[in-house]
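Dear colleague,

Please find below the sequence and structure that I am handing over to you. My notes on what was found follow directly after them.

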Amino acid sequence: MADPATAPPAVAEATGIGKRFGATVALRDAGISVAPGESHALVGRNGAGKSTLVGILTGLQQPDTGTLRFSGEPAPSVGDTDAWRSRVACVYQRSTVIGDLSVAENLFLNRQSPGALRPIRWTALRRRASELLGEYGVDIDPAARARDLTVEQRQFVEIARALSFGARFIILDEPTARLDARGIARLFDKLRDLQRQGVAFLFISHHLQEVYDLCTTVTVYRDARHIVTAPVADLDHDALVEAMTGESAAAPAAGAAPATGRATAATGAPLLDVTGLTLRDAYADVSLEVRAGEVVGLAGATASGNVRLAETLAGLHRADTGRIAVAGREVRASGVPAALAAGVGLVPEDRHHQGLVGSRSVAENATLTVTDQLGPYGTVLPSRTREFAERMIKDLDIRTPGAGTPVSALSGGNQQKVVVARALATDPHVLVAVRPTNGVDVRSKEFLLGRIRKVADDGRAALVVSDELDDLRACDRIVAMFHGRVVAEFGRGWRDEDLVAAMEGVAARPAQERDTEQGEEQEG
Amino acid sequence: MSTTTDVTEPVPAAEAAAAGTPRRVPGGLARFRELSLVPAILVLGVIGFIVSPAFLTSDNLIGVAQQSTELSLLVLAQALILIAGRMDLSLESTIGVAPVIAVWLVLPAAGGRFTGLELLPVWTAIPVCLLVGAVIGAVNGFFILKLRLNGFIVTLGALTMLRGLQIAISEGRSIVELPASFTYLGHASWAGVPAAIWVCALLFAVGGCALAWLRHGRALYAIGGNPEAARTAGIRVDRITWVVLIVGGVLAAFAGVLYSGHYGSISADQGSGWIFQVFAATVIGGVSLNGGRGTLFGALTGVLTLQLVVNVMTLAGVPPLWNQFLNGAIIIVALIISRFASGEKQE
Ligand SMILES: Nc1ncnc2c1ncn2[C@@H]1O[C@H](COP(=O)(O)OP(=O)(O)OP(=O)(O)O)[C@@H](O)[C@H]1O
Ligand SMILES: [Mg+2]
């Protein structure tokens with residue numbers, strides 16, 4: 001990078017930032033400084049204040065104390081959105097896609113035409129949109145309504161929009177949480193490209209490996225405070241986790257599969273039995289068995305159909321053919337109530353769209369599926385709701401000021417824990433968890449996976465639907481899907497490469513593979 | 001996922017799988033959603049033709065159009081406000097109170113049956129009327145956006161209050177001595193067609209184009225669809241919503257001008273009870289009560305449908321005592337038709 005003679009001022013510099021929400025202190029005398037062209041990672045546990053800092057750096061929220069400078073100049077005034085836009089672009093943690101508008105319009109919202117009084121040229125706009133999306137290798141019809149997109153496509157719309165402003169400083173708040181491995185690879189290609197052009201990044205992620213892959217400097221926040229800023233090379237994984245948690249990372253190291261020593265696991269009765277299940281355009285002829293005491297991973301990338309299969313089990317779609325049996329009883333009726341009654345609990349893929357009622361309290365959200373247990377004759381007793389919720393909050397280590405706080409006031413990772421809490425609340429025979437640790441910090445991740453293990457240990461069954469190796473490592477057995485079909489099955493002791501290859505549909509087949517006459521190329 | 005993929009060798013099948021997604025939806029059909037009531041209008045036309053030979057005459061059709069003008073302006077206003085995710089119930093009182101205040105300020109203090117204040121020259125009647133509408137919209141906006149009061153109740157209160165104000169000023173009577181400038185637009189004809197129709201068509205065209213092709217117009221959809229997201233995109237949500245409420249008030253006041261001119265007087269219950277029709281027409285026309293969805297053309301077809309039904313019923317000689325029952329029933333039927341013709345859920 002061609003530095004001028006004098007060291008250039010930081011593209012963004014925040015000092016002494018304080019911010020409180022009612023009684024909650026979200027940031028306390030925190031700061032950050034991002035040099036031009038630098039890729040700066042910001043890590044910290046759930047609720048550490050990362051997204052709050054993002055809100056302040058992008059002008060959405062005003063800090064109570066502290067100052068903000070962009071390239072040495074003071075930050076623009078609050079209402080001056082154009083000025084903010086030219087200094088910083090952002091992929092927010094919460095979805096900012098508007099479902100009723102087309103993809104093209106979402107991409108160019110509020111800049112569809114060069115001037116406020118100049119008419120929008122729709123054909124040109126759609127063409128620009130497909131060009132822009134083409135850079136990411138995603139083929140989305142720019143005229144499609146955004147609500148019809150998949151979770152991953154929506155995330156790419158957000159990313160493409162933020163990166164297309166031409167800002168020299170871009171913030172990405174957990175951009176990879178909703179992408180699969182291939183999507184992440186595409187995103188990183190694009191980011192490296194921009195890095196070479198001297199664009200500076202502030203990158204937030206709970207996947208520490210991504211921090212090492214992409215960033216040069218890392219800042220750690222803990223409990224609303226700035227803890228350390230250092231070159232990533234100086235902090236290894238354990239040191240980073242220690243800075244985040246404030247305690248030594250030695251005990252439960254990542255990677256080691258939880259040794260549960262249950263060779264007898266697979267001898268339990270089958271709790272979930274799926275035979276020949278087919279849903280057009282999603283998956284075909286899937287058979288699967290999960291026994292009591294077992295945690296089974298259903299691995300697969302976004303287009304593999306594994307998420308849709310999980311949603312079918314939970315009653316959100318109706319399969320075209322095949323049968324589902326839970327605890328030996330066939331589930332005939334479709335629909336969520338039938339699935340709930342049969343004993344299937346779901347952690348949905350997208351917490352904002354399918355998971356939470358943002359304005360309602362943590363307690364209400366966590367107990368939404370079990371209102372029938374909260375009082376006699378269809379009543380819901382507030383005391384029992386609160387008690388129930390408080391147990392969940394303690395159980396899952398949800399960081400919230402109280403059970404009555406609205407969910408929208410929680411940090412992203414803690415909202416995810418509420419969603420998991422709700423699925424657990426029904427005490428399901430079969431817990432179907434789609435990416436259960438989505439957006440959850442390293443420590444809480446171990447914790448949540450431990451909680452899922454406990455479901456199995458209590459004699460029930462869990463199906464973890466994910467493409468995250470960390471999630472899958474916690475499973476006893478893994479069924480890999482590609483392109484709507486089961487392509488491989490792994491027992492314990494699989495190698496990362498084999499599983500990744502299976503999820504990508506690459507032919508390196510492991511010994512345990514069960515279907516021999518698979519032909520992925522045949523379907524349309 | 002934390003282990004980055006070493007397997008980067010692209011497999012064609014995998015590429016296709018990632019790209020072509022199962023939930024792809026044809027974008028084409030969605031564009032014709034606003035046409036969903038057009039078949040219903042055609043069917044009504046055929047029924048009208050069968051029922052009475054008088055239906056398909058230009059006099060009758062122009063009459064229907066003229067009668068639609070005032071309602072359609074309220075619908076235009078309400079549609080804009082609904083698309084931006086708000087509601088304004090007070091429009092039906094604005095249509096009455098704005099003309100009354102304007103006329104009160106300009107009419108002579110002595111002589112006529114209704115005594116004004118004579119504060120302003122007579123030619124200002126229309127500008128003052130529109131200004132009153134703007135002020136009403138601005139005050140509603142102040143309560144809703146600055147004080148963050150509930151918009152439904154604020155405008156419900158305004159509805160009652162403004163109706164009361166009109167009755168107090170006009171002493172509960174109709175005002176018949178209106179300035180000529182004030183009544184001109186309501187009863188003039190240009191090229192054989194009432195001026196009100198021209199003006200309405202123009203306003204709808206301008207509004208429709210603004211919603212379709214201007215950034216600030218598109219901003220209404222963004223605000224109604226997801227205000228948080230609109231804000232992060234740099235849209236000035238509150239300012240634009242406020243402007244929309246003001247425009248709504250002005251349109252309602254203008255509807256008052258046309259109505260008064262059309263009938264030559266300002267009646268004490270001008271517009272009273274219309275808000276139900278306004279909402280019905282707007283929703284039948286495909287505008288969502290939750291904001292972010294709908295077009296002005298759709299809303300216009302909603303108004304025309306309702307007016308045509310009334311006209312056909314009159315021509316068919318339906319006893320007037322049944323009118324109210326049929327009106328309500330027809331709104332529900334029309335709602336069902338538009339629900340299934342467009343395939344859109346009316347949440
Ligand atoms: N709008 C709000 N109202 C009240 N409290 C809030 C609000 N937004 C954030 N908080 C609180 O501020 C704290 C910091 O939240 P923040 O979203 O910044 O965390 P985070 O570091 O981004 O966490 P995560 O990794 O889970 O996304 C949390 O305790 C949260 O409950
Ligand atoms: Mg966050």
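V139(B) is part of helix 5 of chain B, which covers residues 125–146; helices here are DSSP runs of H or I with at least four residues, strands are runs of E with at least two, and both are numbered from the N terminus. Please note that this is a predicted model, in which local features need pLDDT of at least 70 and side-chain atom pairs count only at pLDDT 80 or more, while totals for chains, interfaces and linings use all residues. Residues are numbered from 1 along each chain as its sequence is written, chains are lettered from A and ligands numbered from 1 in the order in which they are written, and side-chain values use heavy atoms, with hydrogens and water left out.

With 39% relative accessibility, V139(B) counts as partly exposed (buried means under 20% relative accessible area, exposed over 50%, partly exposed in between, with a 1.4 Å probe and protein chains only). V139(B) also belongs to a nonpolar surface patch of about 590 Å², together with L131(B), V135(B), F142(B), F143(B), L147(B) and L149(B). Such patches are made of residues with over 30% relative accessible area and no salt bridge, with nonpolar side chains (Val, Leu, Ile, Met, Phe, Trp, Tyr) joined within 5 Å and like charges within 9 Å. A salt bridge is a side-chain nitrogen of Lys or Arg within 4 Å of a carboxyl oxygen of Asp or Glu, and areas come from the Shrake-Rupley method with a 1.4 Å probe, where for residues only the protein chains shown count as cover.

In chain A, A116(A) lies in the loop between helix 3 (103–107) and helix 4 (122–134). A116(A) is partly exposed, at a relative accessible area of 31%. Leaving aside residues up to four places away in sequence, A116(A) touches L214(B), R215(B) and H216(B), where contact means heavy atoms within 4.5 Å. The C-alpha atoms of A116(A) and A167(A) are 21 Å apart, and 51 residues separate the two along the chain.

Chain A as a whole has 17 helices and 20 strands. Of its 524 residues, 58% count as buried.

Two charges sit over rings, a term that requires NZ of Lys or CZ of Arg within 6 Å of the ring centre and within 35 degrees of the ring normal. R85(A) lies over the face of F165(A), 6.0 Å from the ring centre, and R218(B) lies over that of Y221(B), at 4.5 Å.
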